[in-house]
Amino acid sequence: ETVRDSVLAVAGTLDRTLGGPDLPSTDGMSVPRRSLYFHHSPEDQMTFLKLFDGADPAECYHRHVSIVPHQALALFNSELSVVQSRKLARRLSREASETDTFIQAAFEQVMSRPPVGKELTICRAFLSTREAAYQSAGKPAAATSRDEHSPSSNPRLHARENLVHVLLNHHDFVTIK
């Protein structure tokens with residue numbers, strides 16, 4: 001629940017409304033309510049939460065702790081992290097047009113800290129490389145529709161969406177210290 005809800009909260013889309021009926025677990029990747037409002041039973045559990053050691057209703061909501069590679073792959077490839085990174089990158093780009101300002105804002109929003117050491121240099125190079133690749137291709141790597149679920153057709157913004165997606169998958173974001 002922490003990973004899913006944190007992604008939504010960082011992107012500014014988490015619905016913090018208190019109370020209400022339980023929601024079908026099948027809506028877990030598209031409805032921005034907190035995870036505790038989704039139906040959770042031994043027969044019906046949100047797959048994403050099971051991958052990240054959600055409470056087991058068959059064992060009095062005991063949590064098993066694991067750190068396995070498929071968790072990182074599930075987060076990286078999930079529609080949730082991709083869509084939320086696009087939303088956050090677009091919002092931050094409206095507020096910070098300069099590259100360094102954008103990187104600083106992205107780090108502060110996602111990591112709750114400024115970039116340290118070589119991170120700023122690495123991020124500048126990443127943005128430059130991705131933007132150049134999208135410009136030379138003439139379009140983003142994926143669909144170009146203008147809805148919030150598709151990558152931006154603007155190469156600079158599309159590169160920024162990629163950077164935010166990387167930060168949402170950074171070890172410091174997904175690890176509770």
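Biologist: Why does Glu161 count as buried?

Modeller: Glu161 has 2% relative accessibility. Buried means under 20% relative accessible area, exposed means over 50%, and partly exposed is in between, with a 1.4 Å probe and protein chains only. Glu161 therefore counts as buried.

Biologist: What kind of model is this?

Modeller: This is a predicted model, in which local features need pLDDT of at least 70, side-chain atom pairs count only at pLDDT 80 or more, and totals for chains, interfaces and linings use all residues. Residues are numbered from 1 along each chain as its sequence is written, and side-chain values use heavy atoms, with hydrogens and water left out.

Biologist: Where does Glu161 lie, and which residues is Glu161 in contact with, leaving aside its neighbours within four places in sequence?

Modeller: Glu161 is part of helix α7. Contact means heavy atoms within 4.5 Å. With those neighbours set aside, Ser85, Arg86, Ala89, Arg90, Pro151 and Ser152 are in contact with Glu161. Among them, Ser85, Arg86, Ala89 and Arg90 are also listed as buried residues of α4.

Biologist: How many helices and strands does the protein chain have?

Modeller: The protein chain has eight helices and zero strands. Helices (H or I, at least four residues) and strands (E, at least two) are DSSP runs, numbered from the N terminus. From that end, the order is α-α-α-α-α-α-α-α. Of the 177 residues in the chain, 40% are buried.

Biologist: How do you know that the reach of helix α6 is close to the expected one?

Modeller: The expected span of a helix is 1.5 Å times one less than its number of residues. Helix α6 (residues 119-137) has 19 residues, and 27 Å is expected. From its first C-alpha to its last, α6 reaches 27 Å, which is close to that value. Helix α4 (residues 79-95) can be set against the definition too: with 17 residues, α4 reaches 25 Å, close to the 24 Å expected.

Biologist: What puts the buried residues of α6 on the same side?

Modeller: The residues in question are Glu119, Cys123, Leu127 and Tyr134. They cover an arc of only 65 degrees around the axis, which puts them on the same side of α6. The arc is that of the directions from the helix axis to the C-beta atoms. An α-helix has 3.6 residues a turn, so residues three or four places apart point the same way. On the other side of α6, the exposed residues are Ile122, Thr129 and Ser136.

Biologist: What covers the buried residues of α6?

Modeller: The cover includes α5 (99-111) and α7 (155-168). The axes of α5 and α6 come within 10 Å and cross at roughly 115 degrees. Here axes are lines fitted to C-alpha atoms, for helices over the stretch in contact, and angles run from 0 to 180 degrees between N-to-C directions. In α5, Thr99, Asp100, Phe102, Ile103 and Phe107 meet Glu119, Leu120, Cys123, Arg124 and Leu127 in α6. By class, this contact has six nonpolar, one polar and three charged residues. Ala, Val, Leu, Ile, Met, Phe, Trp, Tyr, Cys and Pro count as nonpolar, Asp, Glu, Lys and Arg as charged, and the others, Gly among them, as polar.

Biologist: Why does Ser112 count as exposed?

Modeller: Ser112 has 64% relative accessibility, so Ser112 counts as exposed. Ser112 sits in the loop between α5 and α6. Its phi is near 60 degrees, a positive value in a residue other than glycine.

Biologist: Why is α1 largely enclosed by the rest of the structure?

Modeller: Of the ten residues of α1, seven are buried, so α1 is largely enclosed. The buried ones are Val3, Arg4, Asp5, Val7, Leu8, Val10 and Ala11. After α1 comes Gly12, with a positive phi near 80 degrees. Gly12 counts as exposed because its relative accessibility is 56%.
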